Amino acid sequence: MSVQTIRIDPWQDQEPGTSGLRKSTRDFMRPGYLEAFLQAVFDEAAPAKGDALVVGGDGRFFCREAAETVVRMALANGFSRVIVGQNALMSTPAASALIRKRGAKGGVILSASHNPGGPDGDFGVKYNTETGGPAPTTFTAGVFARSKALEGYRILEAAAPDLSVIGETRLGDGIVEVVDPIADYADLMETVFDFDAIRGLISQSGFRMAFDAMNAVTGPYATEILERRLGAPAGTVMRGRPLPDFGGGHPDPHPDHTPELTARMFGADPLDFAAASDGDGDRNMILGPATIVSPGDSLAILAAHADVVPRYRDGLKGLARSLPTSRAADRVAEALGIEMHQTPTGWKFFTNLLDAGRITLCGEESFGTGSDHVREKDGLWAVLFWLNVLAATGKGVGEVVAGHWSRFGRDYYQRHDYEGLEVEPAQAFIQGLREMAAGAAGRTVSGYAIQSAEDFAYTDPVDGTTVTKQGVTVHLSPDARITWRLSGTGSSGATLRVYLERFEDPAGDLHQTPVEALEAVAEVARVLSDIEARLGRTAPSVIT
């Protein structure tokens with residue numbers, strides 16, 4: 001079968017963000033747009049004879065058609081085998097696991113994660129390397145450089161095989177293998193956790209739980225693991241069928257986007273445990289009766305209870321969190337006497353630490369938690385970890401959280417998002433904060449003394465690479481901090497995220513609301529940044 005070379009003019013806007021290239025769905029559907037980006041990726045990956053590529057996505061609109069294009073282009077560019085999830089479905093953590101299990105050269109994940117889907121929603125393409133983790137900055141920089149000079153793309157003339165049928169098909173000089181996207185991942189989870197203990201918890205009289213899959217990719221995974229393998233009642237998985245537009249919802253595990261689940265947990269008759277995941281299955285939200293566990297607390301709590309999980313019974317090598325994630329995990333690492341790393345936002349920064357055996361667990365404030373079992377954050381893994389902890393301790397979610405605070409203290413935490421900003425004013429705003437930070441130490445604002453301020457730069461302790469301008473942080477006394485950064489996960493415009501954090505020691509008031517506890521810190525942030533005057537926003541778009 002012949003390989004066609006299609007001539008194109010290069011695009012100039014295909015710079016990957018923290019999780020690949022994200023644009024509107026209609027942008028990706030433009031003739032040659034998806035193909036151009038894939039060609040730049042494959043040129044940078046430089047596959048050799050015998051190399052395999054894993055392909056899957058979250059089932060959003062255009063996913064199936066895009067997967068067929070990936071198959072035809074991967075074989076035209078030198079891959080010998082393309083391993084595709086049935087119906088082009090595969091969660092991001094499952095893709096990472098499969099890349100590692102099959103020794104693949106890499107993987108293409110078709111998702112815009114927690115962004116809305118549909119023809120008027122968003123689409124995304126991310127390349128993961130042979131580690132199973134997101135491509136490093138050096139790789140994505142190479143992709144962007146290639147994309148701006150690209151003159152054409154290579155694709156098989158023949159159509160892709162039917163991706164709904166499991167099995168192998170020869171296409172061109174290679175093989176297309178359509179696989180069950182769930183079984184290998186579910187089997188892996190059985191090696192990580194104590195399924196017998198979790199089964200015992202779920203079977204207890206009166207124990208009730210729910211998982212909201214948000215009409216995204218984790219629905220079939222959760223149904224297989226929670227209902228079939230662990231014995232949860234049918235219907236435990238809510239909105240379990242993946243839909244191209246996520247049922248018209250926003251597949252972000254946030255209380256605002258899970259109204260039925262949230263209302264149930266804060267109502268008169270709450271369940272014992274509830275959780276949700278996002279579009280591609282790498283994020284999680286954990287809830288107990290009248291309780292939403294903050295992501296920073298979740299990472300810290302799991303680390304403190306890791307010895308109840310079979311995979312981690314021999315101890316943790318270290319922990320890592322992204323810069324804006326609360327410092328709750330730092331306090332656990334100190335107590336355990338293990339390494340603690342602070343990285344920029346983006347899971348790729350954890351990968352080197354995981355591969356080098358420097359850390360075991362890691363997490364981000366954006367509802368992402370993971371471990372060395374894969375090289376991605378993993379929503380269902382976090383849910384199973386929490387169930388394992390509840391089964392081992394015999395406590396409820398609220399008891400576990402309160403017990404953690406009474407031992408380690410509490411990091412009160414909030415994130416304020418200002419969405420849909422114009423890019424140039426937003427960048428100018430951040431530059432202004434950098435200039436402010438240079439001379440901020442020693443000032444007193446609203447009762448807080450500024451101890452130090454920095455524009456975060458990170459040098460990887462494994463390979464020595466350095467990245468700069470990762471977020472402006474002001475450290476306050478008493479123990480608090482504020483961080484400002486522009487998000488790299490949007491498909492258009494800019495999102496400013498402001499992170500507020502204050503530590504309360506175990507002897508203090510551990511049961512205030514975050515709004516109450518952070519009121520003075522929020523005032524410091526307002527005075528230092530003056531968002532209303534400089535960006536025209538009087539309030540955040542979303543508070544988490």
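What volume does the second largest pocket have? In this predicted model, the second largest pocket has a volume of about 590 Å³. Its lining is made up of 26 residues, and Ile292, Ser294, Arg410, Tyr413 and Pro514 are those that lie nearest the centre of the pocket. At least two lining residues come from each of β14 (291-293), α10 (295-304), α14 (397-408), β19 (410-421) and α16 (514-517), with β19 supplying the largest share, 6 residues.

A search of the whole structure returns 14 aromatic pairs, among them Phe42 with Phe79, an edge-to-face pair. Because Phe42 belongs to helix α2 (residues 33-45) and Phe79 to the loop between α3 (63-76) and β4 (81-89), this pair ties together parts that are 37 residues apart in sequence. Phe42 is buried, at a relative accessible area of 2%, and Phe79 is likewise buried, at 3% relative accessibility. The rings of Phe193 and Phe385 also form an edge-to-face pair, since their planes stand at 65° and the cut-off for this class is over 60 degrees. Phe193 lies in the loop between α6 (183-192) and α7 (195-203), whereas Phe385 lies in helix α13 (residues 379-393), so the pair ties together parts that are 192 residues apart in sequence. Both Phe193 and Phe385 are buried.

| Aromatic pair | Centre to centre | Angle between planes |
|---|---|---|
| Phe42 and Phe79 | 5.6 Å | 70° |
| Phe193 and Phe385 | 5.9 Å | 65° |

Trp11, Phe28, Tyr33, Phe62 and Phe123 form one aromatic cluster. Charged groups also meet aromatic rings: the charged end of Lys148 sits over the ring of Phe144 at 4.3 Å from its centre, and that of Arg331 sits over the ring of Phe503 at 3.8 Å from its centre.

Strand β17 (residues 361-364) pairs with β18 in the antiparallel sense over 4 bridges, and Glu364 stands opposite Gly368 in β18. Which residues of strand β18 (residues 368-371) point one way, and which the other way? Gly368 and Gly370 point one way, while Thr369 and Ser371 point the other way, and all are buried. Side chains in a regular strand alternate between the two faces of the sheet.

Terms used. Residues numbered from 1 in each chain as written. Predicted model: local features only at pLDDT ≥ 70, side-chain atom pairs only at ≥ 80, totals over all residues. Heavy atoms only, no water. Phe/Tyr/Trp six-rings, centres within 6.5 Å; stacked < 30°, edge-to-face > 60°. Buried < 20%, exposed > 50% of the residue type's maximum accessible area, 1.4 Å probe, protein only. Lys NZ or Arg CZ within 6 Å of the ring centre and 35° of its normal. Pairing = 2+ DSSP bridges. 1 Å grid on protein atoms, 1.4 Å probe; cavity = no way out; pocket = protein on both sides within 12 Å on 5 of 7 lines; lining within 4 Å. Points joined across faces, edges and corners; volume = space filled by probe spheres on them.
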